[in-house]
Amino acid sequence: MIYVTRDLLTVLRERAASEDPDEVNLRLSATPAGDFESDTGLDPETPVLTHFTLSSVGGSVSSVFGVDLGTPAGEGGARFLSHPDGFLGVSRTDDLAAVVLVAVPPYDGDSVAAFDRSGEGVELAVVDAAPPTESVPE
């Protein structure tokens, strides 16, 4: 099962809708459930998708065999992709990760699904909790 905060899922769906008919491709990051300020009801070590980042490496060099070379090892184990063509699945041309969230029009709650790297469906659970507040060190 893959866990994602409701706020992140809302932002991702809104971004996909605003970029349509172009595709969206974002790296996702997780926060351990134990780091949340409120009780999520999950094991403290359970990763919950909470943030997205833009890829910093550009051009054709950024990806080799579906692996984003701009992602440090052990990080960015999930991606969000939109498929404006309506294909709710993982295709050979997608940037892959351990977990891939895919959204299709109309980008509502029923048009998002989670998949593993091989394209098999994975159950997606929405968590109603905000991640811990972060700040930039001074």
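Phe80 is in contact (heavy atoms within 4.5 Å) with Leu12, Arg13, Ala16, Val24, Asn25, Leu26, Leu28, Leu101 and Ala103, once its neighbours within four places in sequence are set aside. The structure is a predicted model, in which local features need pLDDT of at least 70, side-chain atom pairs count only at pLDDT 80 or more, and totals for chains, interfaces and linings use all residues. Residues are numbered from 1 along each chain as its sequence is written, and side-chain values use heavy atoms, with hydrogens and water left out.

Phe80 sits in strand 6; strands (E, at least two residues) and helices (H or I, at least four) are DSSP runs, numbered from the N terminus. With a relative accessibility of 0%, Phe80 counts as buried, a word that here means under 20% relative accessible area, with exposed meaning over 50% and partly exposed in between (1.4 Å probe, protein chains only). Strand 6 (residues 78–82) runs parallel to strand 7 (residues 99–103), and 5 bridges join them. Across that pairing, Leu101 in strand 7 is the bridge partner of Phe80. Another residue to look for is Ala113, which lies 33 residues from Phe80 along the chain, with 9.9 Å between the two C-alpha atoms.

Phe80 and Leu101 turn up again in the largest nonpolar core, a group of 18 residues in which Leu8, Leu12, Leu28, Leu49, Phe80 and Leu101 have the most contacts. A nonpolar core is a set of buried Ala, Val, Leu, Ile, Met, Phe, Trp, Tyr and Cys residues joined through side-chain atoms within 4.5 Å. Strand 1, helix 1 (6–19), strand 2, strand 6, strand 7 and strand 8 (112–116) each put in at least two residues. Helix 1 gives the most to this core, with 4 residues. There is also a second, separate core of 8 residues, including Ala33, Val48, Ala125 and Ala129.

Now for the chain as a whole. It has 1 helix and 10 strands, and reading along the sequence gives the pattern β-α-β-β-β-β-β-β-β-β-β. Of the 138 residues, 38% are buried. Among contacts between residues at least 6 apart in sequence, 53% join residues at least 24 apart.

Eight strands form an open sheet with mixed pairing, in the order 9-8-7-6-2-3-1-10. Strand 9 (121–122) and strand 10 (124–127) are at the edges with a single partner strand each, so one side of each has no neighbour in the sheet. Two strands are taken to pair if DSSP finds at least two bridges between them. Strands of a sheet pair through backbone hydrogen bonds, either parallel or antiparallel. Both kinds can be found here: strands 2 and 3 are antiparallel over 6 bridges, while strands 1 and 3 run parallel, joined by 2 bridges. Ala30 has Leu49 in strand 3 as its bridge partner.

Leu49 also stands opposite Val4, a residue of strand 1. Val4 and Leu49 are 45 residues apart in sequence, yet their C-alpha atoms are 4.4 Å apart in space. Val4 has a relative accessibility of 0% and so counts as buried. Leaving out residues up to four places away in sequence, Val4 touches Leu9, Val48, Leu49, Leu124, Ala125, Val126 and Val127. Strand 1 pairs with strand 10 in the parallel sense over 4 bridges, and Val126 in strand 10 is a bridge partner of Val4. In a regular strand the side chains alternate between the two faces of the sheet.

On a 1 Å grid over the protein atoms alone, a pocket is an open set of points with protein on both sides within 12 Å along at least five of seven lines, and lining residues have an atom within 4 Å of a point. The lining is made up of Met1, Ile2, Tyr3, Leu28, Ser29, Ala30, Thr46, Pro47, Leu49, Gly77, Ala78 and Val99. By type, the lining divides into 9 nonpolar residues, 3 polar and no charged; Ala, Val, Leu, Ile, Met, Phe, Trp, Tyr, Cys and Pro count as nonpolar, Asp, Glu, Lys and Arg as charged, and the others, Gly among them, as polar.

Terms used: 1 Å grid on protein atoms, 1.4 Å probe; cavity = no way out; pocket = protein on both sides within 12 Å on 5 of 7 lines; lining within 4 Å.
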